[in-house]
Structure formats: structure tokens, C-alpha cells
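Subject: The structure I promised you

Hi,

Here is the structure we talked about, together with its sequence. Open it up next to this email and follow along as you read.

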Amino acid sequence: KEYNVAILGATGAVGTRMIQQLEQSSIPVKQVKLLASPRSAGKVLQFKGQDVTVEATTPESFDDVDIVLASAGGAASKQFLPEAVKRGAVAVDNTSAFRMDPEVPLVVPEVNEDAIAQHKGIIANPNCSTIQMVVALKPIFDVAGLKQIIVSTYQAGSGAGQTAIQELDDEAQQHLNGEPMTADIFPVKSEAHHYPLAFNLLPQIDVFEPDGSTHEEWKMVHETKKIMLGDMNDPKIKVNATCVRVPVVIGHGESVYFEVEDNTNLDAHKVQELIKHGDGLVLEDDPAEQLYPQPINAEGHTDTYVGRVREDPENPGAYNLWVVADNLLKGAAANTVEIAEKLVEHDLVRVPADYYGKE
Ligand code: A2P
């Protein structure tokens, strides 16, 4: 069987990488449809060496489509994905639009592949920062359980999209030219105030919650619980996040501190071994050789890199990790395409009778 695949947001930072990941995937593609806003209609992109013309998205764009890969922002997903599902397509959505919907599985294949089978037409791809953290913690969670996770992120500018990459480049150039830096996108496009990211740090990603945390931090807490425990509010693992935007173009870094439930058979060496053999993980940890993960090395790769593995001598049963991944690949396009590959592999490319949004 071959599949018609539509990429919604095909011209964006993640969408262009979805095209590449789909080209390299095991999915037998009959035809690919590249969808964006009317601004990009008529633009010509390539799929497996063939020209494909970008189309403006309408509900009818999804007629005869089997699989949708979406990364055109939450509003476009909310508008178009129920239309796609109504027409019989299964959608894997990289936006936050449906992640917390109890009818929508939130999936990282290395961690909760089985959840895919519950889908009603929409499967959500988690936030980039959440994905690389749960991939790193999964093998440890399996053998020792987790009581608490405290994470600080160092997130690349590309997480805010193609126009944000341009803004970061422009600011760096302005600064080097001795000009004032102009800012219109960071930290959050829709907010009242904008600040330069180049040569700076911004401790705000997404809007603020009433409790003073940001929505990005909120996502890391609740997505982690939904992926690892099946319930976004499960108190079994306590999660605390501080998310910071750094002037890196691609590749998120995370300082992850965690406490296990049962430390009986664990130490730093065992944690290293678990990571070394973990799904989707590469251990880069050798202080003697100054070997540790760096965003510039992770860029272009779909693995999650872990180093700086340490025991907390002040708190037995607690450990530190440094986790890096390409936020546009494992954090977005690659994870989305991996979910689609699992759908194909398990013959789940079909919507059930009680599909998502059925009236
Ligand atoms: P366009 O190129 O026409 O603006 P990024 O995440 O890099 O900012 O990219 C966002 C992607 O989502 C782009 O492909 C953009 O298309 C697309 N997009 C934005 N808004 C819509 C919309 N309302 N309908 C369809 N595609 C959209």
C-alpha cells in the first residue's frame, strides 16, 4: 500500500525538515502535497528530486489524503486538522493545539509507542524540549522509577520558526556593525515587549501563566506526565522547569536533575550504561577527553545526546544530565515522521467510526 501525504506548513523551519525526513522514511509515499498559507502558494519545493508546487490550504486540500504532517501553528491545526480527519486522513500534529486533549495521544515513539493505537484521527507531537528530556530519562525510568525532575533549558532560536532564525541573524549582524539591535519576534511575537536574543538570554518562552511560570514550562511539566504516566496531572513524578531562550540557532540544551524512586541498583556508571543502550540515545560523556554534547554537533541528527552524567553527592538517588538534540528534528520533524512510520507499520492509517470531532 502507498500513501498520499500532506505536509501542512511545508515552507516553515519544521515543515521543510518534514519533507526531508519523509524522503528518508520507510513510508511508501504515493503522492506528496505541500500546503502553506496563501503567501507561499505557487512556490516550488522538491520532494525526492521532483518539483512540487506549494498550495494554499483549504479544507478540500485534504480530499484523498491519507496522512497529514502538520506544523503551521496552533491556529492552522485547529482550523484544518478536524477537516482532514473528517475526510478520512490521520494527522500527526507538531503544534500544541491538541496535546492536552484526552482523546489525542501524545507520543514519543521511544517512550510510549503503544499510545498511538488509541488515536481517533489526530496524534500530537510533544514540545521539542519535552521530547529530548523524556527520551533521555526513559531507560532510567524503566529500571529505577522517577520521583522528581528539575530541568533548566537552553533553547535555540529556531524553535520560534523561520522568521525568528532571520531575526537572530539580523541582530547579530547589527551588533557586529555597531548598530542598535532591532527585535520584533523574541521572546514571543504576540506579546507587548520584544527584546534582542543575540548576545542575550531571555527567560521567557511562550506567554506567562497566572502562577508566574511560562506556558513552555507548563508544557514540560504536563506533557512529561502525559507521556510517561498517561495522565497530564499525575502527581507520581514531580516536574519543575525553567525555560530559557539562548542565542543558538539550532539545538536545545537541557540541564536535567532527577531523583529516582529506587536507587538500589543505580549509580552514575549504570546511568551511563542505560543511556548508552537506550533507544534514540547517544552517550557523549568523557571528561578526560572534554567530550560532552553540544548543539552544533547535534544539528542535522535525529538522536538525543547525553553527557555530564553525575551523581549528586549531597543527595543520594539524584543525578545530573546534560541533554542536547536538534530541536527541529528530534524535537519536531523527525519525531512527527517517526510517529507516521509507526502508524504505517502497525496498519493504523485509518480513522475510527467515532473519529475526532465527530458531531
Ligand atoms: P507561509 O510560508 O505561507 O507563511 P514557521 O514555523 O517557520 O514560522 O513556519 C510556519 C509555516 O506554517 C509556514 O509554512 C507557513 O506558511 C505556514 N502557515 C502559517 N499560517 C498558516 C495558515 N493559516 N494556513 C496554512 N499554513 C500556514
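Strands β9 and β10 run parallel and are joined by eight bridges. One of the pairs to look for is Thr 153 with its bridge partner in β10, Cys 243. On to β11: eight bridges join this strand to β9 as well, but here the two run antiparallel. Find Tyr 154 and you'll see Gly 253 of β11 standing opposite. Before you zoom in any further, keep in mind that this is a predicted model.

Now zoom out a bit. These strands belong to an open sheet of six, with mixed pairing and the order β10-β9-β11-β14-β13-β12. At the edges stand β10 (238–245) and β12 (281–283), and each has a single partner strand, so one side of each is left without a neighbour in the sheet. On average, neighbouring strands here are turned by 20° against each other, if you ignore direction. Elsewhere in this sheet, β13 (residues 304–311) and β14 (residues 318–325) run antiparallel and are joined by six bridges. Val 306 faces Val 323 of β14 in that pair.

A helix packs on this sheet too: α4 (residues 128–144), which touches β9 (146–155), β10, β11 (252–260), β12, β13 and β14. The direction of α4 makes about 30° with that of β11.

Is Leu 137 buried or exposed? Leu 137 has 0% relative accessibility, so this residue counts as buried. What does Leu 137 touch, leaving out residues up to four places away in sequence? The list is Leu 146, Ile 149, Met 228, Val 256, Phe 258 and Leu 321. For Ile 149, twelve residues away along the chain, the C-alpha atom is separated from that of Leu 137 by 9.5 Å.

The other one is Gln 132, also placed in α4. Gln 132 is buried as well: its relative accessible area is 1%, and the cut-off for buried is under 20%. A polar atom of the Gln 132 side chain lies 3.1 Å from the backbone oxygen of Val 323, the residue that stands opposite Val 306. Not counting residues up to four places away in sequence, Gln 132 also touches others, including His 252, Glu 254 and Thr 304.

There's another open sheet to find. It has six strands as well, with parallel pairing and the order β5-β2-β1-β6-β7-β8. Its edge strands, β5 (55–56) and β8 (122–124), each pair on one side only. Two bridges link β5 to β2 (residues 29–36) in the parallel sense, and Ala 36 has Ala 56 in β5 as its bridge partner. Helix α1 (residues 13–24) packs on this sheet, touching β1 (3–8), β2 and β6 (67–70), with its direction at about 160° to that of β1. Helix α2 (residues 74–86) lies across β1, β6, β7 (90–93) and β8, and runs at about 175° to β6.

Last stop, the ligand. Which of the 17 residues around the ligand come nearest? They are Thr 11, Ala 13, Ser 37, Ser 40 and Gln 162. Ser 37 has a polar side-chain atom 2.5 Å from an oxygen atom of the ligand, and for Ser 40 the distance from a polar side-chain atom to a ligand oxygen is 2.5 Å. Gly 12 uses its backbone: a polar atom there is 3.1 Å from an oxygen atom of the ligand. Taken alone, the ligand exposes 580 Å², and the protein buries 74% of that.

Cheers

Conventions. Residues are numbered from 1 along each chain as its sequence is written. This is a predicted model: local features need pLDDT of at least 70, side-chain atom pairs count only at pLDDT 80 or more; totals for chains, interfaces and linings use all residues. Side-chain values use heavy atoms; hydrogens and water are left out. Two strands pair if DSSP finds at least two bridges between them. Helices (H or I, at least four residues) and strands (E, at least two) are DSSP runs, numbered from the N terminus. Axes are lines fitted to C-alpha atoms, for helices over the stretch in contact, and angles run from 0 to 180 degrees between N-to-C directions. Contact means heavy atoms within 4.5 Å. Buried means under 20% relative accessible area, exposed over 50%, partly exposed in between (1.4 Å probe, protein chains only). A residue is near a molecule or strand if one of its heavy atoms lies within 4 Å of it. A polar contact is a pair of N or O atoms within 3.5 Å; within protein, one must be able to donate a hydrogen and the other to accept it, and residues adjacent in sequence count only if both atoms are side-chain atoms. Accessible areas come from the Shrake-Rupley method with a 1.4 Å probe; for residues, only the protein chains shown count as cover.
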